[in-house]
Each structure stands twice: as C-alpha cells, then as structure tokens.
Amino acid sequence: MIRTYRDEDFGKVLELLRGALVLDTITPGLLKEKLYEDPHFDREMVLVSEKEGAVTGFMQGVTRDIRGERIAYLKLMAVAPGNRKSGLARQMFERLEAMFRKAGATKVRIFDVPLNYFQPGIDPRYTEALCFAWRMGFERFDDTTNLVVDLNFSDWETSEKELKLAGDGIHIRRASEEDRVELLRFIEDEFALWRHEVAMAYRCDPVAVHIAEVNDTIRGFSAYNGNNVGTGWFGPMGTSSSLRGKGIGEVLLKRCLRDLKEEGNKMAIIPWVGPIPFYAHHAGARVDRVFWRFEKPLR
Ligand SMILES: CC(C)(COP(=O)(O)OP(=O)(O)OC[C@H]1O[C@@H](n2cnc3c(N)ncnc32)[C@H](O)[C@@H]1OP(=O)(O)O)[C@@H](O)C(=O)NCCC(=O)NCCS
C-alpha cells in the first residue's frame, strides 16, 4: 500500500534509507533536516509504501519556484532491497508526478534541489536509480561534482592576507547577528538561491558565516553548515562581481575551512561546484563524488 508519510514512520524510513543508500551515511539529524526543515516541506508529497507494518519504500517530492519557474524534485528515494523491481518506485513516482502537474510544475529533477538537498544529483554507482530515471522518462542533462578538502592540508592562516586587504579598504570578519538583515539583503540581490543556506548557517554558534566589507557595506560572504550539518559541508560563498580577483574569496574560503577543522572535521566537502581550479589552488581540493543530473519535462 502506498500512503502519505506520517511522523511515526520516521524511524522506519531512516532504517530503510540506511539500508538502501549504501554509498551515503544517513543520520537522524540529516533526515530531519531534509524532511522537516525543507522550506517547502509538503507532507502530501512524501510517500511511503507499506507491507505488513514494514516500510518498504520511500519517496519525497517537493516543489520550488526557481527564477520564475516552478520546478518539482524527487528529493530522496529508496526501496528496500527485497522489494525492488516490483513497481513500488514507479507507483510512488506516478502519484507524485500527478501532484507535480497539479501544482503547476514545468519539469521534474532528481535530488539537485536548491536550498536544502542531500546530494546534487544521482551518484551513477546507484545503477538501479539511473535505470529507474531513464525508464520514468528522465534525461540526463548535466553532471556535477563534490570536491573534498583534507583539512590537514594547511593551517588556513589568513592574517597576513587580511592585513593587506585592509590596506585596500577591504575588511573580513565573522558575521554577527547585527549583520543578518544587511547580509541576507545582499545575498537576495546577488545570489538569491543561496539565501536559505546562509540563513541556516546563522543558526550555528558561532555564526557559520564570514563576510567582506568595503566602506562598511557587505560585498562578499562565505558560509558552512548551511546544509547537511555534521558532514563538513562548505558553502555557499560569493563576492560581488566588481571585487573579484583581489583575494577576498581565498580568505573567506580559508576562514570557513579553519572553522570546520576546529569543529573536529578531518575533511570538508565543497558540493555542487563550480570553480574547481579556485578550490584546487587555494585548498588542495580534489574531485570526489560525481553526480548525474536528470530532468523530465512535464508539459
Ligand atoms: C532506484 C530504486 C528506488 C528503484 O525502486 P524499484 O521499486 O525497484 O523500482 P520499480 O520496480 O518501480 O522500477 C521502475 C522501473 O525502473 C527500472 N528499474 C528499476 N530497477 C532496475 C534495475 N535494477 N535494473 C534495470 N531497471 C530497473 C525498471 O525498468 C522499471 O521499469 P518497469 O516498471 O517498466 O518494469 C531502488 O532500486 C533503490 O532503492 N535503489 C537503491 C537506493 C537508490 O539508488 N536510491 C537513489 C539514490 S541516488
């Protein structure tokens, strides 16, 4: 039987995902973040399949308005190993697809959900998920990667560079509560899709955001723990286009990596990149996981 997710399913869904997503580590905190802390969490779009009291399948859908277009996403999905290839994922997807159409979505994508996501696409080593996506009418349109940084690569010291930047009137420091309104407005103007992650990073103590100011005005930022808290998750970061190339990004990046190291992480993840040479040069970042992005038009 396929039905809407209930809160009391949480533990069973967690076990199901842990058993199925063998290339990932799913913690209760992560599942809670992906499910309930999604800014557009819609319980009707979270489905489970149940057999004799056991949860045998799970599929979370969500929609977002991205640059004037409503896009639907499969955000997490799994079917228990003993129950595969019997149509469960197909049934859950078909129900979601009808809901997505009704909600006015123009296309569906898989996992690469801006704002709050677990991974930015399908790791192609989940071969069944690729087969499923093709069979459901999706096409692969892009790939992306997560980089990893060995946090012992450097001490991430930035004071000399910061002094030099200060000589040019550029000041870098940790963001504080008082900066929140200005910072979120700056991000809204220049990097709108990242606002949510930065707001999430503000929940950390200390605030997991660093900023660059010129004439007391915020012109750049970097953040961590805005998604997938506890995994060493870096980003997002951005510098106003007119100030790029001055070394601001390097300092902003290193400040976050230093914090992630001090939190006890051995590795940092720089997800869904982006400027690989920038991260490789400044942080010794290496390409790690690769993800394929899939899309299915709904019209
Ligand atoms: C991907 C997954 C959710 C598919 O669930 P499922 O219930 O077995 O899928 P279905 O039985 O509904 O299959 C639907 C279609 O997908 C295709 N498909 C699914 N698994 C397949 C496989 N192992 N090999 C080939 N085709 C497959 C079939 O063609 C099927 O088409 P049909 O309905 O015309 O027969 C399941 O394999 C799974 O949980 N995998 C591990 C977790 C995972 O990969 N999650 C995604 C992480 S990126």
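A strand in these legends is a DSSP run of E that is at least two residues long, and strands are numbered from the N terminus. Everything shown comes from a predicted model.

**Figure 1. Gly238 sits in strand β10**. Let's begin with a single glycine. Is Gly238 buried or exposed? A residue is called buried when 20 or more other C-beta atoms lie within 10 Å of its own. Gly238 has 20 such atoms within 10 Å, so it is buried. Leaving aside residues up to four places away in sequence, Gly238 touches Glu190, Phe191, Trp194, Gly220 and Phe221. For a sense of scale, Val79 is 159 residues from Gly238 in sequence, and their C-alpha atoms are 38 Å apart.

**Figure 2. Strands β7, β8, β9 and β10 form an open antiparallel sheet**. Follow the strands across the sheet in the order β7-β8-β9-β10. β7 (170-174) and β10 (234-239) are the edge strands; each has a single partner, so one side of each has no neighbour in the sheet. From one strand to the next, the twist averages 20 degrees.

**Figure 3. β8 and β9 run antiparallel, with a helix lying across the sheet**. How many bridges join β8 (residues 209-214) to β9 (residues 217-224)? There are six. Helix α6 (residues 180-190) lies across β8, β9 and β10, and runs at about 90 degrees to β9.

Figure 4. Which residues of α1 (residues 10-20) are buried? They are Val13, Leu16, Leu17 and Ala20. The partners against which the buried residues of α1 pack are α2 (28-35), β2 (46-51), β3 (54-66) and β4 (69-79).

**Figure 5. Gly11 is an exposed residue of helix α1**. Here is a glycine to set beside the one in the opening view. Gly11 and Val55 are 44 residues apart in sequence, and their C-alpha atoms are 9.8 Å apart in space.

**Figure 6. A shell of 20 residues surrounds the ligand**. Start with the closest ones: Arg84, Ala89, Tyr126, Glu128 and Cys131. Which elements each supply at least two residues of this shell? They are β4, α3 (88-102) and α4 (127-135). The largest share, five residues, comes from α4.

**Figure 7. The chain is made up of nine helices and 12 strands**. Finally, step back from the details. The radius of gyration is 20 Å, close to the 19 Å that the globule rule gives for 299 residues, so the chain is as compact as a globular protein of that length. The C-alpha trace spans about 65 × 40 × 35 Å along its principal axes. Buried residues account for 42% of the 299. Of the contacts with a separation of 6 or more, 70% are between residues 24 or more positions apart.

Key. Residues are numbered from 1 along each chain as its sequence is written. This is a predicted model: local features need pLDDT of at least 70, side-chain atom pairs count only at pLDDT 80 or more; totals for chains, interfaces and linings use all residues. A residue is buried if 20 or more other C-beta atoms lie within 10 Å of its own, exposed if 12 or fewer, and partly exposed in between; C-beta atoms are placed from the backbone. Helices (H or I, at least four residues) and strands (E, at least two) are DSSP runs, numbered from the N terminus. Two residues are in contact if their C-beta atoms, placed from the backbone, lie within 7 Å. Two strands pair if DSSP finds at least two bridges between them. Axes are lines fitted to C-alpha atoms, for helices over the stretch in contact, and angles run from 0 to 180 degrees between N-to-C directions. The radius of gyration is taken over C-alpha atoms; the globule rule is 2.2 Å times the number of residues to the power 0.38. A residue is near a molecule or strand if its C-beta atom, placed from the backbone, lies within 6 Å of it.
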